[in-house]
Amino acid sequence: MQKASATHLTSTDNQAAAKDIQLLVLDIDGTIAGHSNTISEPVKQAIFAAQARGIQVAIATGRMYRSALRFHQEIGSTLPLMAYQGAWIQDPITQKIYRHWVVSREIAHQLLDYFEQPELRSLLSVHFYINDQLYVRELTKETQIYAERSGVIPIPVGDLRQALTNEPTKILALSDDIDVIDKLLGNLRRQYTPAELYLTTSVATFFEATNASVNKGTAVRYLAEELLGLELANVMAIGDNFNDLEMLEYVGLGVAMGNAPSGVQAIAQWVAPSVEENGAAVAIEKFLL
């Protein structure tokens, strides 16, 4: 779907967009939550104002379901929550799980073998997400920072192969060296086709792998079309990173944050101010209020 640049959206376009939008989908980190790991009052008020106009609001995040739940509840969403890039879609009210797509044990073992090569092992903190629990080899500094922000308690198991009695929802490799993550993403994209594995980065220091059918675009399409009976023209989404690309490309109105990488901003129809400038609130007010 061809995207117009921000400068090509006229006030007439704004009005048309606002008239059609019935669903707003929000990413969490870098979009509605910045350094403080909370939703600011201006962003919350803008979300509530959109809901008061009859626009439903949903969350699509790379976070664990249990980690994203407080944000979902804080904005008063009544829709299913799309977690793990959409690999896990669950209604917190009824507890019904609509989708849970996993990575095969075979591929999980292959990725672990790759991460544990001598030249990589000491550079990476590896996370396995199984049944909405976080399993790690050991508690590294990176894992502890991640766990604190996520509000989850990691389970150290030594050899992660021991955790693979069930298939993981997501596999994450963290490094504070961005070049290591870039190289990892490039190498593994050469090893696995998009039909085998979905590979992305949600922040520059996170390499993420999920089932090949998973991304926020397929998740939002499922929520909008299958569950709500909407069309893409009825959906607006706001995101800030490469794991938001498919979502921003799918929806009728895709907004990138000012803190998004240039590659993400390039495919959006409009670029909002940064998360620390309450950019999500500015976008909601511009297009929906």
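These notebook entries record what I looked up in the structure, which is a predicted model.

**Entry 1. The six-stranded sheet**

I began with the strand order. Six strands form an open sheet, ordered β8-β7-β6-β9-β11-β10, and the pairing is mixed. I noted β8 (155-156) and β10 (198-201) as the edge strands, each of which pairs on one side only.

I then went through the pairs that involve β6 and β7. β6 runs antiparallel to β9, with five bridges between the two; Ser125 has Leu174 of β9 as its bridge partner. β6 is also antiparallel to β7 (residues 133-136), to which four bridges join it. In that pair I found Ile130 opposite Gln133 of β7. β6 and β7 make a hairpin with two residues between them. In its turn, Asn131 has a positive phi of about 50 degrees. On to β8: β7 and β8 run parallel and are joined by two bridges, and Tyr135 stands opposite Ile155 in β8.

**Entry 2. Burial of β6**

How many of the residues of β6 are buried? I recorded six of six, so that the strand is mostly covered. In a regular strand, side chains alternate between the two faces of the sheet.

**Entry 3. Helix α4**

I next looked up helix α4 (residues 105-115). Its buried residues are Ile107, Ala108, Leu111, Leu112, Tyr114 and Phe115. An α-helix has 3.6 residues a turn, so residues three or four places apart point the same way.

I also asked what covers these buried residues of α4. The cover includes strands β6 (125-130), β9 (170-174) and β11 (206-210), together with helices α5 (118-121) and α7 (178-191).

**Entry 4. The largest cavity**

Rolling a probe the size of a water molecule over the atoms shows where empty space is left. I found one cavity of 30 Å³ or more. The largest cavity has a volume of about 40 Å³. Its lining consists of Leu124, Ser125, Val126, Val136, Arg137, Glu138, Thr140 and Thr143.

**Entry 5. The largest pocket**

The largest pocket has a volume of about 730 Å³. Of the 33 residues that line it, I noted Asp29, Arg149, Val203, Thr205 and Phe206 as the closest to its centre. The elements that give two or more residues to the lining are α6 (141-150), β9 and β11. Which element gives the largest share? I recorded α6, with six residues. The lining of the largest pocket divides into nine nonpolar, 12 polar and 12 charged residues.

**Entry 6. The five-stranded sheet**

Last, I looked up another open sheet, in which five strands are ordered β2-β1-β12-β13-β14 with parallel pairing. The edge strands here are β2 (56-59) and β14 (270-271), each pairing on one side only. Strand β13 (residues 253-256) pairs with β14 in the parallel sense over two bridges. Within this sheet, I noted Ala256 opposite Val271 in β14.

Methods: Residues are numbered from 1 along each chain as its sequence is written. This is a predicted model: local features need pLDDT of at least 70, side-chain atom pairs count only at pLDDT 80 or more; totals for chains, interfaces and linings use all residues. Side-chain values use heavy atoms; hydrogens and water are left out. On a 1 Å grid over the protein atoms alone, a cavity is a set of points where a 1.4 Å probe fits but cannot get out, and a pocket is an open set with protein on both sides within 12 Å along at least five of seven lines; lining residues have an atom within 4 Å of a point. Grid points are joined across faces, edges and corners, and a volume is the space filled by probe spheres set on the points. Buried means under 20% relative accessible area, exposed over 50%, partly exposed in between (1.4 Å probe, protein chains only). Contact means heavy atoms within 4.5 Å. Two strands pair if DSSP finds at least two bridges between them. Ala, Val, Leu, Ile, Met, Phe, Trp, Tyr, Cys and Pro count as nonpolar, Asp, Glu, Lys and Arg as charged, and the others, Gly among them, as polar.
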